[in-house]
Amino acid sequence: MNLKMVFYVLGVIMKVEAALMMLPALVSVIYKDNELLAFLIPAVLLFAIGFALSFRKPENNQLLAREGFIIVSLSWIVLSLFGSLPYVLSGEIPNFIDALFETVSGFTTTGASILTDIEALSHSTLFWRSFTNWIGGMGVLVFVLAFLPSSDTRYMYVMRAEVPGPVVGKLVSKIKVTARILYVIYIVMTVLLFVFLLLGGMPVFDSIVHAIATAGTGGFSIKNSSIAFYDSAYIDYVVSIFMVLFGINFNLFYFMIIGRVVTILKDEELKFYLGLILISILAVSLNIRSLYDGNILTAFRYASFQVTSIVSTSGFATADFTQWPFFSQFLIIILMLTGGCAGSTAGGIKIRRFLIFIKMGFVEIKKLINPRSVVQLKVDSKVQQDTLLSGIAAYFSIYVLIFSASTMIISLDAKSADTTLGSVLTCLSNVGPGFGAAGPSGNFSIFSSLSKFVLMVDMLVGRLELFPIILLFTPNTWRRV
Amino acid sequence: MNIVIAGIGKMGLTLVDHLVKEGHNITCIDIDPKVVDNVVNVYDVFGIGGNGVSCDILKEAGIEKAQIFISTTHSDELNILNCMIAKKMGAINTIARVRNPEYAMQSSFMRNELGIGLMINPELETANEISRIIRTPSAAKIETFGKGRVELAEIKIERSNPLVDKTLSSLSKTFGVRVLICAVYRKDEVFIPTGDFIIREGDIVHITASHSEMSAFFKAIGVYKQRAKCVIIVGGSRIAYYLAKQLVESKINVKLIENSELRSMELDEVLPKVHVVCGDGTDQNLLIEEGLEEVDAFVALTGIDEENIIVSLYAKQIGIPTVISKVHKTNLLDMARTLNIDSVMSPSAISANYVLQYVRAKQNAQGHNVRTLYKIVNGEVEAVEFLATDKCKFLGVSFKELNLKRDLLIASIIRGNKVIIPSGNDCIEQDDIVIVVAKNLILNDLEDILP
């Protein structure tokens, strides 16, 4: 284990976070909300520690798989710890556990909140909350890879541990250029969304905050009633469409730009994702029609917003789906599990894994009927390697284990079954709203500190795709040989 | 530059290693997905699993925008086909590894009609290298710069060597010859030495000087050896064939020991002047019987690296002046270098070096000033030849006043027909050819020597 290099990268990450905190500080200056110090103090602290850690680059700068995982999980923990300081220092969320929950929820793009009155917060705090969504969406380490000078070539392990999805495809030969392309696409799409929201009559500050929160598929709103506050069909549809877009593999946008349309049309994951969304919207609209006096258009508007918000794991709300019939609620649960496409900013298990998992079942059935036939699992007409398949099987088994263990601990709070199961699911999938008391109109302040802690771990585990956080607590990782 | 490499074997991997370090955009194609996985994990490259002959795969690899396409798959025919297709699809330069001498003989046809820019034969290159060492007295390895006017030699410092425990600045006074020690390899580490550097036993030093000064220096330190007259080669590989042929042509007696009866008969037929012996070249008694103790040079070229190393160690043990061993596995190469063998040759490293020079030359055509480049000390140190044009900002400024980068040395300057081993009072003038030795620095221009 090359600990020196791990600390060096951590130092760099801390300096980056210090720089990122300057943005909410700027917001504080613009709106004169007297919270400048709440951002400046953590920023100075971060910079000082970061500077000390990354003062000298270690001679041995090798990063292998083990270091990659450790760097990713440690940096997310460090980011969250320091990211929660502004909430505590400004006194907006005085309890440290609550502040940490809010930050972890922000960085992991979950959007689950412990706040009961969001509108009481100052502008700069609101901005920082949503900004953590944006930072966490694409990942800080990818940001560091993209924009900071470094001559190291062995960062692939780091990128692999942070970018969601079972396989990470490079776009061009250099990892730095790949990361840069991804970030540029991310920024351009965020700006586009901002412009569209502005055109829909949303105030500038609200547009910025909602644009960045949507881009990261986080779902931190600045209104207690979320997007429903604006009560505009235009805004609903714009946000819905962009949530779908941010749930698509970013590589496909690049292929679109360079004109490789064939690759996009062939992409099975995309077809599955869009098909799933379409069918769910239609099914839910028909199912909830009676709630809106049989008006299918209104039902369609609310169904499409809720469905896209859940499948992209954003978690904005314009209606309370806990009031819907059970059929629709169950569809929502399934969408929470799947999440968006691999390589997007969305959370969840990822469509690609589901696709392969389902295909594994069919391959097995075919083999049972005709044992001698050659059946290979193909995605995008390419045969998938056994290592990938066993990796996905392992993913599901560990997912179930973590899900059960977390539910077990949280059920000690003696909340109702839907509240308990729903909040674990929504945190593991980085969606935001759960069911029961933690649904779209409720929040997570009802849980005990222990439960909040478990949910925080779940959010990190979900965002980093299970393995990095688990490796951190595996003794083998720290053994020398 | 955008470079596509098809076939990631030992040579492909060596190439990737060097080319990535030089900052090129590399795309690797290999039919084995595991190989692709590995290379993508270790290096910052783009990997594609598939057949390099396939147009779809080549298109995916961005062949239209590739300046160089290199094919190093296991098969000659595949490499040639790969290059032809890549050339037609838009690759500007193509390089193919072609082992079969029959193909290599029609290289001008291949270049003009099929569009293959460079054909490289690793076995032949290795044989050339070995024969140069055997034919050159004393040094382990000699390379030349500036159209042969400056030599770069590599020697290993034995205990008896008078250089041991001397500082570099005292050398010219002690021996009365002006040479420059430009790189020292000591215990896995490379030093670009300064004047107060002290040479120790076991160091491998790299020396630059003109040819006459170099010979004088070798005589002065007493490592001058008689030109080899009698050589034993163990193992009848293709390298052995090329090597034996070259050595016989320069009137050196060659005895070739090959295990397989069939192969030894073949070799006897194509190499009439070579004494071919059929037997196990790793058998101690057989080696003694065939006169191992009498020869001037011993070359181990069997197909098994470990055998080569052990036999070479034995040969060195009984006091043969020049012992050369072939080691194919890249990971054994470093370990083998630490042993008491005069030269360890790796065909993949030698051919990679050759390809690198070609790549550099192509890059040169794009506006860089590098004339030739040598990778020495296992590729960790570069010796680069620049031409000082009138654009150079420090013409006529003495080196004392220039604040050069660390780990960098001006090895020599060629001015007209004169070779200058520079001291602090010398300076660079227009049209000089400047040879710079540097560690871990990418030098693309003469200006790069200043921080």
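Trainee: Are α1(A) and α8(A) roughly parallel or roughly perpendicular to each other?

Mentor: Note that this is a predicted model. Two packed helices are described by the angle between their axes and the distance between the axes. Here the axes of α1 (residues 3-20) and α8 (residues 140-147) of chain A cross at roughly 90 degrees and come within 10 Å. Angles of 65 to 115 degrees count as roughly perpendicular, so α1(A) and α8(A) are roughly perpendicular.

Trainee: Which residues make the contact?

Mentor: From α1(A), Val9(A), Val12(A), Ile13(A) and Val16(A). From α8(A), Val140(A), Leu141(A), Phe143(A) and Val144(A). By class, that is 8 nonpolar, no polar and no charged residues.

Trainee: At what angle do α15(A) and α17(A) pack?

Mentor: About 160 degrees, with the axes 9 Å apart. α15 spans residues 268-288 and α17 residues 326-338 of chain A. The two helices are therefore roughly antiparallel. Their crossing is left-handed.

Trainee: Which residues meet there?

Mentor: Among them are Leu276(A), Ala283(A) and Ile288(A) in α15(A), and Phe327(A), Leu331(A) and Thr338(A) in α17(A). This contact divides into 7 nonpolar, 4 polar and no charged residues.

Trainee: Now the interface. How much area do chain B and chain A bury between them?

Mentor: The size of an interface is often given as the accessible area lost when the parts come together. For chains B and A it is about 1,300 Å², with 43% on carbon and sulfur atoms. On the chain B side, Asn41(B), Asp44(B) and Phe46(B) lose the most area, together 46% of what that side buries. In contact are 16 residues of chain B and 14 of chain A.

Trainee: How many salt bridges does the rule find across this interface?

Mentor: The rule finds 0 between chain B and chain A.

Terms used:
Residues numbered from 1 in each chain as written. Chains lettered and ligands numbered in written order. Predicted model: local features only at pLDDT ≥ 70, side-chain atom pairs only at ≥ 80, totals over all residues. Heavy atoms only, no water. Axes fitted to C-alpha atoms, helices over the stretch in contact; angles between N-to-C directions. Helix = DSSP H or I, 4+ residues; strand = E, 2+ residues; numbered from the N terminus. Parallel < 35°, antiparallel > 145°, perpendicular 65-115°, else oblique. Left-handed = near helix turned anticlockwise from the far one by under 90°. Contact = heavy atoms within 4.5 Å. Nonpolar A, V, L, I, M, F, W, Y, C, P; charged D, E, K, R; others polar. Buried area = accessible area lost by both parts, 1.4 Å probe. Salt bridge = Lys/Arg side-chain N within 4 Å of Asp/Glu carboxyl O.
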